[in-house]
Amino acid sequence: MFKKLSAVLLIVGMLFIIGCASHMHKVGNGAQGTDMIESRQWYVLWGLVPINEVDTQAMAGEATDYAIITEVNVLDAVINAFVGSATIYCRTVTVLK
C-alpha cells in the first residue's frame, strides 16, 4: 500500500514539474551583472488573452546588455492551481542586467 501511494505521489509531483518552462532571450551580450527585476504577467482564457503588459525594455532601463527570462516557476504553479479554474494564469518575467 505504501509503495503504491509513493508511486502515485511521485507521478503527480512529476506532472507538476513538467509544466514548468523557461525561455531566455539575450539582448546585446546578455546580462553583465546581477541586477534583477521581476514582474508577473497575467492571462485569461487559459493563457490566450493577456490582462497586463510587461514592458521588458522599460524594466531594463538604460542597459544595452541584458537577458529576459520568462518562466512558470513554483510560485506561479501554486497561484495557477488556485485561479486556474477561473481560466486565469500567470508567469514570471525577469530582466537580468
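Colleague: Which residues make up the largest nonpolar core?

Modeller: There are seven of them: Val54, Met59, Ala60, Tyr66, Ile68, Val93 and Val95. The elements giving two or more residues to this core are α2 (56-60), β4 (66-71) and β5 (88-96). Keep in mind that this is a predicted model, where local features need pLDDT of at least 70 and side-chain atom pairs count only at pLDDT 80 or more, while totals for chains, interfaces and linings use all residues. Residues are numbered from 1 along each chain as its sequence is written, and side-chain values use heavy atoms, with hydrogens and water left out.

Colleague: What makes a set of residues a nonpolar core?

Modeller: The set has to consist of buried Ala, Val, Leu, Ile, Met, Phe, Trp, Tyr and Cys residues, joined through side-chain atoms within 4.5 Å. In soluble globular proteins, nonpolar side chains tend to be buried together.

Colleague: Which residues does Tyr66 contact, leaving aside neighbours within four places in sequence?

Modeller: Among them are His25, Val27, Gln57, Ala60 and Val95. Contact here means heavy atoms within 4.5 Å.

Colleague: Why is Thr94 called buried?

Modeller: Its relative accessibility is 4%, and buried means under 20% relative accessible area, exposed over 50%, partly exposed in between (1.4 Å probe, protein chains only). So Thr94 counts as buried. Thr94 is found in strand β5, and not counting residues up to four places away in sequence, Thr94 touches Met36, Ile37, Glu38, Ala67, Ile68 and Ile69.

Colleague: What is the order of the strands in the open sheet?

Modeller: The five strands go β1-β4-β5-β2-β3, with antiparallel pairing. The names come from DSSP runs: helices are H or I with at least four residues, strands are E with at least two, and both are numbered from the N terminus.

Colleague: What makes β1 and β3 edge strands?

Modeller: β1 (22-27) and β3 each pair on one side only.

Colleague: How do you know that β2 and β5 pair?

Modeller: Two strands pair if DSSP finds at least two bridges between them. Strand β2 (residues 36-44) and β5 have nine bridges, in the antiparallel sense. Val44 has Ile88 as its bridge partner in β5, and Ser39 has Val93 there. Five bridges join β4 to β5, also running antiparallel, with Glu71 partnered by Thr92 in β5.

Colleague: How many bridges join β2 to β3?

Modeller: Two, and these strands run antiparallel. In β3, Val49 is the bridge partner of Val44, and Pro50 is that of Tyr43. The hairpin of β2 and β3 has four residues between the strands, and Leu45 takes a positive phi near 60° there.

Colleague: Why is Leu48 called exposed?

Modeller: Leu48 has a relative accessible area of 68%, so the label is exposed. The residue sits in the loop between β2 and β3 (49-50).

Colleague: Which residues form the nonpolar patch on the surface?

Modeller: Leu45, Trp46, Leu48 and Val49, with about 450 Å² of accessible area together. Such areas come from the Shrake-Rupley method with a 1.4 Å probe; for residues, only the protein chains shown count as cover.

Colleague: What makes Arg40 and Asp76 a salt bridge?

Modeller: Their closest N and O atoms are 2.7 Å apart. A salt bridge needs a side-chain nitrogen of Lys or Arg within 4 Å of a carboxyl oxygen of Asp or Glu, so the pair qualifies. Asp76 is buried at 0% relative accessible area, whereas Arg40, at 24%, counts as partly exposed.

Key: Patch = residues over 30% accessible without salt bridge, like charges linked within 9 Å, V, L, I, M, F, W, Y side chains within 5 Å.
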